[in-house]
Each structure stands twice: as C-alpha cells, then as structure tokens.
Amino acid sequence: MFIPYTLLGRIFVYLAVAVIILTLISLLLGTYSYKKNKSLFPNFIFFMLYFFYSPAKLICRTCSIKESIVDDIIIEVGNAVMLERFKQVDGKCAVILPQCLRHPNCKARCDPITGYECEKCGLCDIAPICEAAEKYNFKVFVVPGDSFVRKIIKSYRPHACIGVACHMELTESMQEISKYMPVQGVWLLKDGCYNTEVDVDEVIRKMEMCNNNAL
C-alpha cells in the first residue's frame, strides 16, 4: 500500500513533538522531585530521560538550564526506582569507586582485573569506605575505567552495587549496571582527573540500607 510522503512527514513531526512534550514533562516532574526530595512518577521519569537523554540535554541548552540537571534527576530517580530491590539483596555486593579518588601520593598497585588495591593509608576518602565495607559485607573496587567495571561484573558477579563517579559517568554506568542488578549511585562532590572527593557518609549510608548486612 502506497503511503504519501506528506503523511509520513506529518507522522514524523507529530511523533517528534510528542517526544519533546513528554521529555519536557519528565524534566519538570524530575526537577520537582529532585528539589523537593519526593518521587513523583519515578518510573515514567526514569524511562523518558533514559531513552531520550540527548533530547533532554538539548531542551536544557535551549532553555539556558544547566545540562547536569538531567544527570542529577536520572541518578536520584534511578536510586529511588531501584531502592527496594537494593535493600532486599542478600548476596555479594560491591562498591565501585573511581581511581581519581586516590591521593596523588597513593602507592597502591593496580590489579589487571579488579583495579587498585587500597592499602588504607588514610590519605584519601577510599580508606574509610573500605573500613565500612568490611563491616557491611561489601567489597570495594577502585577502577581506572569503565572496562574494569565490566570485568568486575563478570568475575565477581555481585548481586547489587554502589557506584561513585562524576555526574555524566555515573549516569552512564548506572544505566549499564542496572541491566544486571540494582544499583545506587553517589556522585562526586569534587570531580576532575585526580584527588577528587565524595560524601563518605552518604556511601556508608547506602551500605547500611542493604539487607546484605545480615550475612
């Protein structure tokens, strides 16, 4: 059956407009949820911003809104969506930290599979996280890049994960890891290539939530 090009063009325009409107609505709902610390239609927001990440960023640029708000919303809403599953996990759990948290004078060696092996020297935020991880039955991995995350998932096979990274990288990692397990994300307070900082108390609070503590 022949379909006129003009009809196809109209359908495309209508679909594009619908996507823009729905993405804008999800941004507004997500911003409200983020600012008020309330979860309004979290699954809808997460779905829309997950699949229409680039259009959402484009809308922010067009409206002179900082693009990182999209990442903030996805991370916080993603945390809310996966929280109950995360709490119920009673198997192996992991905390994946970026190598940029290491102090410039860090002497830790890098294992080709599991990343840097923290010596708990106390020069950076990694040591207190490692100490808390022993208490709450989490294994800490300090990784140089995304390829190590895939290696850890394949070799260690955790049932749940806490991820720490800068906004954009955390958004991408959470989307990837959530295909295999519930994940909770904590973004860096100070990002960059080295000597970064994270809210250690928030990472520990995430560990405390998990039923894995009962093991």
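Me: Why are Glu202 and Lys206 separated by about one helical turn?

Reply: Because they sit 4 residues apart in helix α8; a helix here is a DSSP run of H or I with at least four residues, numbered from the N terminus. This is a predicted model, where local features need pLDDT of at least 70, side-chain atom pairs count only at pLDDT 80 or more, and totals for chains, interfaces and linings use all residues. Residues are numbered from 1 along each chain as its sequence is written, and side-chain values use heavy atoms, with hydrogens and water left out.

Me: Why is Lys206 called buried?

Reply: Buried means under 20% relative accessible area, exposed over 50%, and partly exposed in between (1.4 Å probe, protein chains only). Lys206 has 5% relative accessibility, so Lys206 counts as buried.

Me: How do you know whether Arg205 is buried, partly exposed or exposed?

Reply: Its relative accessibility is 35%, so Arg205 counts as partly exposed.

Me: What makes Arg205 and Glu202 a salt bridge too?

Reply: Their closest N and O atoms are 2.7 Å apart. Both residues lie in helix α8 (residues 200-209), 3 residues apart.

Me: Why is Lys179 called exposed?

Reply: Because its relative accessible area is 55%. Lys179 forms a salt bridge with Glu176, with 3.3 Å between the closest N and O atoms.

Definitions and conventions. Salt bridge = Lys/Arg side-chain N within 4 Å of Asp/Glu carboxyl O. Helix = DSSP H or I, 4+ residues; strand = E, 2+ residues; numbered from the N terminus.
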